[in-house]
Amino acid sequence: MSKILEDTTVYKCRKCGRRADVKVTYAKLLLCGDHFLDYIENRVLNSIRKYKMLNNVRKILVALSGGKDSLSLLYILSRIRNQLGLDEIVGVHIDLGLGAYSDESRILVEKACRDTNIQCTILSLKELTGHTLPELVEITRRPPCSLCGSFKRYLINLLAVELGVDAVILGHHMDDILVFAIKDFLFQDMVDLAKMTPVSTGIQGFLAKKIKLLYEIYEDDLYSYAYFSKIKTTGTQCPFKYMDPFKIAIRKMLDELEEYAPGFKISIARKLAETLGESRESEAIQPCKYCGMPSKNGVCGICNLTMKIYGEPLGPKIRTKIREKYCFTR
Ligand SMILES: [Zn+2]
Ligand SMILES: [Zn+2]
């Protein structure tokens, strides 16, 4: 992890000798703000090489929630872009209709995309389904986080397939990945655990490849990265924010172990990646008979859910709207 130094008068940056602004504990490094940004970008480049993340990838879709993780990811990508051999980077943000929180997130994403010169697509849940997330929660009585996750995954994958991108880039950092993986292990959810790999291959035609570019990046590093890049982050919180007690306890344990042995998290993330290998999608996944998106039994989660709400599967209509509005070049 990295700590922004409060009193910086006595330390010098290892690279340039100027006053150090940050201490990178796992690497025993003191760096100024500018060299810290370089350092993190190089760490991401190393992960890309090591895990062969962008092999045969020319066009990517970056999922942008508007939080510090995804916005830092966008800035990192824009700064290392020339070294990646990509033809195109497109950003996508889902406006869930969560009042001030969604409004602010959307504005931050639009600004970050303008600043980094990356094309931005905003998908509105209300426009695509007729309802905002709070309205859908009210109608379905389903837990907001699971509903939100289902729609986000569905819409991002759908846009990726329609745009014909080679991969979707996700903003999950190492702390998130380790917490998810350990929780999956505790609950013996081996199917979900298998997804905690740097690269998930996807299935040609209907399930996009997914890449976790920040696989070896600490959450604290992203705070510091956002701080030194002067990235503006949201001041409001998701009204449905839920603190999972299991995740909090796992996170606390990992933080204590990291404190005791700096670099511990990186070494277990690397072992996890090695053990899991490249995740391959189960052969049981097949296209939904209504909308063509991934499903386990022939009908995808969104068509299944919307059938109950509207009396018809909404997938095909959502797909047509996305195709007509956002994919006019194809
Ligand atoms: Zn420096
Ligand atoms: Zn469907």
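I began with the aromatic rings and found 5 aromatic pairs in the structure. For a pair, the ring centres of Phe, Tyr or Trp (its six-membered ring) lie within 6.5 Å; planes under 30 degrees apart are stacked, over 60 edge-to-face, and the rest tilted. The model is predicted, so local features need pLDDT of at least 70 and side-chain atom pairs pLDDT 80 or more, while totals for chains, interfaces and linings use all residues. Residues are numbered from 1 along each chain as written, chains are lettered from A and ligands numbered from 1 in written order, and side-chain values use heavy atoms, without hydrogens and water.

I looked up Tyr51 and Tyr215: their ring centres are 5.6 Å apart and their planes at 65 degrees, so the pair is edge-to-face. Tyr51 lies in the loop between α1 (33-50) and β4 (59-63), and Tyr215 in the loop between β9 (210-212) and α9 (219-228), so the pair ties together parts 164 residues apart in sequence. Helices (H or I, at least four residues) and strands (E, at least two) are DSSP runs numbered from the N terminus. Both Tyr51 and Tyr215 are buried (under 20% relative accessible area; exposed is over 50%, partly exposed in between, with a 1.4 Å probe and protein chains only).

I noted one aromatic cluster formed by Phe36, Tyr227 and Phe228.

I then checked charges over rings (NZ of Lys or CZ of Arg within 6 Å of the ring centre and within 35 degrees of the ring normal). Lys68 lies over the face of Tyr223, 4.3 Å from the ring centre. The charged end of Lys183 sits over Phe187, 5.5 Å from its ring centre.

Last, I found 0 disulfides (cysteine sulfur pairs within 2.5 Å). For Cys120, the nearest cysteine sulfur, that of Cys113, is 3.7 Å away.
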